[in-house]
Amino acid sequence: PRYQRHLLAQLPLDPLLLGATLSGTFLCAASANTLNQVIEIPRDARMARTAKRPLPSGRISPAHALAFATTTGGAGVGTLLALTNPTTAALGAATIGLYAGVYTPLKPVTHYNTWVGAVVGAVPPLMGWTAAGGELLSPEAALLSGALFLWQIPHFLALAWMYRADYAAGGYEMLPRRDPTGERTAAVCLEYSCYLTALPFAVWASGLTGCMFAVESLAFNGVMLAAAARFVLAPPNARVQQAQYARRLFFASLGYLPLFFGCLLLHQQSNRHAATEDEEVAAPEAARARLREAGRQYCLHEQLEAPSLCPKGAADEVAAVAHEVAAGAAAGLAGSRQTQPPS
């Protein structure tokens, strides 16, 4: 059977396309990660966290690892090129090149490698989007990649703080290595947690989701903000407490993405890509409708008798008023231009 839309994208759900996208992305990631570990054998051998990996421990030779990286990289890009489209295949090849050719060499040079790595980490969601027929330059693409980019900064900086001595032993230039008090690292984690908190509201304002995505995001974003704020408020040089709060932030970030994207898919309302054929009702769409209906039975805002107290109703009223004000201002501006005498 063919289905109306696959979640955010416009193409019908195709199991072959889905499988090719997942396997091709996985193979590209395997290739990039293997090349990274080949390059970093000497440094990984000096770190307690990575010394037991297959390459630094000698269980696999560099030649075998390079052969594996070449095979998986070629197979991944080839799969994406043959079964998805050239744009997705190019993104897969770019992931390998950027990760192994740019991000990895920068790790012992500058702490900005974390931001470069976050750019690379934001590419795989774009691959899924373009494989499903989405445009590379679109609001949905910006949302998917932006969420992953912003999330990676507090996630990896919290990890880097927890293992800062290990990273220093390996010769890696991470931000915590040049931040003995932890104040700068914690501040950056809080800054990007604030950006993450603002993102759902920007998504709602763009029309990609309903307002309840922004409302519900306050719960999981609140957890991230609280963890990041606690990291900031830890006394400088209180290493035990800072490590504890960094660990809490790290674990909070692990649960963040499933909640973010789960709520996004439940509340997305982009209908810009309408089906052009008489297709069956989408299974993902039907499942999402059932989840929404079940959620209404337990959601407090659905039980409120006064519409003004409901966050969705209040948001709809604010949006309607803003629309009326904007329309009135536009009409007034047009009228004033018409009444002005010619110069």
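## Ser253 in helix 11

Ser253 lies in helix 11, residues 239-254. Helices here are DSSP runs of H or I with at least four residues, numbered from the N terminus. The model is predicted: local features need pLDDT of at least 70, side-chain atom pairs count only at pLDDT 80 or more, and totals for chains, interfaces and linings use all residues. Residues are numbered from 1 along each chain as its sequence is written, and side-chain values use heavy atoms, without hydrogens or water.

Ser253 is buried, at a relative accessible area of 0% (buried means under 20%, with a 1.4 Å probe and protein chains only). Beyond its neighbours within four places in sequence, Ser253 is in contact with Trp151, His155 and Met224 (heavy atoms within 4.5 Å). With His155 there is also a side-chain to side-chain polar contact at 2.7 Å (a pair of N or O atoms within 3.5 Å, one able to donate a hydrogen and the other to accept it).

## Helix 12

Helix 12 spans residues 256-267, twelve in number. From first C-alpha to last it reaches 17 Å, close to the 16 Å expected (1.5 Å times one less than the number of residues).

Its buried residues are Tyr256, Leu257, Phe260, Cys263, Leu264 and His267. They share one side of helix 12 because they cover an arc of only 145° around the axis, taken from the directions from the axis to the C-beta atoms.

## Helices 5 and 6

Helix 5 (residues 113-121) packs against helix 6 (residues 123-131) at about 15°, with axes 5 Å apart. Axes are lines fitted to C-alpha atoms over the stretch in contact, and angles run from 0 to 180 degrees between N-to-C directions. The two helices are therefore roughly parallel (angles under 35 degrees). Val119, Val120 and Gly121 of helix 5 meet Val123, Pro124 and Pro125 of helix 6 in this contact.

Technical notes. Buried < 20%, exposed > 50% of the residue type's maximum accessible area, 1.4 Å probe, protein only. Parallel < 35°, antiparallel > 145°, perpendicular 65-115°, else oblique.
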